[in-house]
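Biologist: I have a structure on my screen and want to learn how to read it. Can you take me through some features, one at a time?

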Amino acid sequence: MSTTESTLNPAPTRPEVTRAVCRGAARHLRDRGYAIVKEMTFANGRRGDIVALSSSGELLVVEVKSSLEDYRVDGKWPDYRDYCDAFLFAVAPEFPHEIIPEDVGLIVADAWGGEMLREAPRHPLAPARRKMLTIAFAKLAAGRLAALEDPDAR
């Protein structure tokens with residue numbers, strides 16, 4: 001790539017890639033009938049990039065990885081399994097898919113949409129945990145909607 005080309009078309013930054021993958025993965029999940037929230041914090045202090053709730057009450061956690069380096073330095077992803085029925089990674093198309101473990105799902109996404117390359121194995125939540133997480137999901141979504149409707153409210 002020439003200097004002029006790199007100036008006119010700079011490589012996307014890591015936050016830009018994260019936003020694009022997150023947007024595309026969220027669109028894909030909505031197309032599949034899931035309601036989604038982003039950045040949901042769990043009781044263990046971990047924060048899921050995307051949490052998706054199906055009409056049957058199934059909960060997915062999707063961890064977005066913007067680069068190979070981002071994936072390699074993140075050892076916390078197994079901590080999400082106690083808070084979902086299925087765990088997935090969402091990555092950009094150029095991400096090396098073969099390094100993602102076989103025992104998790106995989107979505108490849110860009111800013112416009114995504115595709116499920118591998119369904120995540122299911123490991124059903126205990127009923128009490130499912131109820132607690134579903135209520136937390138609803139409260140988070142409702143609180144964010146209220147903040148949009150009335151930004152000055154407490």
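Biologist: Which residues touch the most other members of the largest nonpolar core?

Modeller: A nonpolar core is a set of buried Ala, Val, Leu, Ile, Met, Phe, Trp, Tyr and Cys residues joined through side-chain atoms within 4.5 Å. Buried means under 20% relative accessible area, exposed over 50%, and partly exposed in between, with a 1.4 Å probe and protein chains only. Here the largest core has 23 residues, and F42, V51, F87, F89 and I100 touch the most other members. This is a predicted model: local features need pLDDT of at least 70, side-chain atom pairs count only at pLDDT 80 or more, and totals for chains, interfaces and linings use all residues. Residues are numbered from 1 along each chain as its sequence is written, and side-chain values use heavy atoms, with hydrogens and water left out.

Biologist: Which elements give two or more residues to this core?

Modeller: Helices (H or I, at least four residues) and strands (E, at least two) are DSSP runs, numbered from the N terminus. The contributors are β1 (35-41), β2 (47-53), β3 (59-65), β4 (86-91), β5 (105-110) and α4 (127-149). β4 gives the largest share, three residues. A second, separate core has 21 residues, including C22, Y34, A86 and M116.

Biologist: What does V51 touch?

Modeller: Contact means heavy atoms within 4.5 Å. Leaving out residues up to four places away in sequence, V51 touches A35, I36, V37, M40, F42, L59, L60, V61 and F137.

Biologist: How do β4 and β5 pair?

Modeller: Two strands pair if DSSP finds at least two bridges between them. β4 and β5 are parallel, with four bridges. L88 has G105 as its bridge partner in β5. β5 also has five bridges to β6 (residues 113-118), and these two run antiparallel. There, A109 has G114 as its partner in β6. β5 and β6 form a hairpin with two residues between them.

Biologist: How many residues of β5 are buried?

Modeller: Five of its six, so β5 is mostly covered.

Biologist: What volume does the largest pocket have?

Modeller: Rolling a probe the size of a water molecule over the atoms shows where empty space is left. On a 1 Å grid over the protein atoms alone, a pocket is an open set of points where a 1.4 Å probe fits, with protein on both sides within 12 Å along at least five of seven lines; lining residues have an atom within 4 Å of a point. The largest pocket has a volume of about 280 Å³. Of its 15 lining residues, E39, R47, D49, E63 and V64 are the closest to its centre. α2 (14-31) gives the most to the lining, four residues.

Key:
Grid points are joined across faces, edges and corners, and a volume is the space filled by probe spheres set on the points.
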